[in-house]
Amino acid sequence: MQNTLVGESENDRVVAQERELIAEILAGNHERYYELIAPIERRVYYTAYAILRTKADAEEVAQEAILKGFRGLHTFRGNAKFSSWLLSIVMNEGRMRLRRRREVSLELLKSPDDEGEYTPIELADWREIPVEALAQKELGEHLEEAVAALPQLYREVLILRDVDGLNIAETSGALGISVPAVKTRLLRARLMVRDYFVSRSWAAPARLREAQP
Amino acid sequence: MITLSCEEVRREISNYLDDDMSPRMRRLLEAHLEQCRKCAVLLDSTHNVLVLLADEQRFELPDGFSSRVRQMLAKEFEKGKS
C-alpha cells in the first residue's frame, strides 16, 4: 500500500526553506515571490478550476489569490506550509466567486454531513480499474467529470487532500471545518468519485465496441 | 476471533488509505480483505483513483498562465517601489 503521507522531516525541511525565502521577500526582495509560487502554480490554478469549472473564472481567482498571498505574506505564520496557506486563500476566493454567481446556495455549503451509509457500486470480477484500456486523454476527462459531478461540499475536501496533497490537519485548517468532518467527507468523496469514474470508464470501451461495424 | 463486517470495512477504507488507524484495526481490516473479494476490489479501485487524482501531469495550465501571473506581480512590485 502506498503511503501518501510525506515524512515529517521532509515537511520540516520545506517549511524551514520557505521561512527563509519569505523573510527575504518581506525584507524587500519581492522578485523572489516567484520562487515561492512556481512549484504550486498548477495546483493553485487547478484548485480554482475544480471549484469554479470555467477557465476564465479559474484564472482570475488564481491570480487574485496569488496577489492576496503576496499582499498578506506578513500575516503568514511560518508554522505551516506556504502551499496550504495559499490554497486556503484560493478556496475562499473561489467560494466567494461562486456565491456571487449564485450557483451554489449558502445552504449547500453549510449543510451538515450526511451521516447515513453510502453504498458503493459493487464490482463483481474486476480486481482493478482497467486503466490500460483507456487512452490517457480519455482517462483524464473521465476523472475530471467525476470530480465535477461531486457536490461542492465533497469536492472541496477531495481537491485539497487528494489532488493538492494537503494532509488532514491542513485540509481542516484550509476549509475551517473539524478534523472528524474532513474525514467523514473525505470517505464519502472518495467513494463517490470512484463510483462515478468506474461507471464512466467501463461504459466507454463498451460504447466503442458497439460503434464498430 | 473478532471480525469486521463489510460495512465496517467500508467506513474505514479512507482511513486505511491514509494510514490513519490503530495497528489492531489494521490487522482486523486486512484479515477481512483476505477473505472478502468485494471489499478488496473496492479498496484497490479507490486506491487507483486516488493515484490518478494525485498526478499533477493530468491537467495543464492554460497557455501563458505563468507569464500573465508574472506580469501581474511585476506591476504589483512596481507599485511598492513608487
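These notebook entries record what I looked up in a predicted model.

**Chain A, overall**

I began with the secondary structure of chain A, which comes to ten helices and zero strands. Reading along the sequence, I noted the pattern α-α-α-α-α-α-α-α-α-α. I then turned to burial: 35% of the 213 residues of chain A count as buried. For the contacts in chain A between residues at least 6 apart in sequence, I found that 71% join residues at least 24 apart.

**Chain A, domains**

I looked up the division of chain A and recorded domain 1 as 1-104 and domain 2 as 118-206. The contact between these domains takes twelve residues from domain 1 and 15 residues from domain 2. On the side of domain 1 that touches domain 2, I noted that α3 (41-52) and α5 (82-101) of chain A each supply at least two residues.

**Chain B against chain A**

I next examined the contact between the chains, where 34 residues of chain B meet 43 residues of chain A. Which helices of chain B each supply at least two residues of the side that touches chain A? I listed α1 (6-17), α3 (37-54) and α4 (65-81) of chain B. The largest share of this side, twelve residues, comes from α3(B).

Methods: Residues are numbered from 1 along each chain as its sequence is written. Chains are lettered from A and ligands numbered from 1 in the order in which they are written. This is a predicted model: local features need pLDDT of at least 70, side-chain atom pairs count only at pLDDT 80 or more; totals for chains, interfaces and linings use all residues. Two residues are in contact if their C-beta atoms, placed from the backbone, lie within 7 Å. Helices (H or I, at least four residues) and strands (E, at least two) are DSSP runs, numbered from the N terminus. Domain bounds come from an automatic or database domain assignment. A residue is buried if 20 or more other C-beta atoms lie within 10 Å of its own, exposed if 12 or fewer, and partly exposed in between; C-beta atoms are placed from the backbone.
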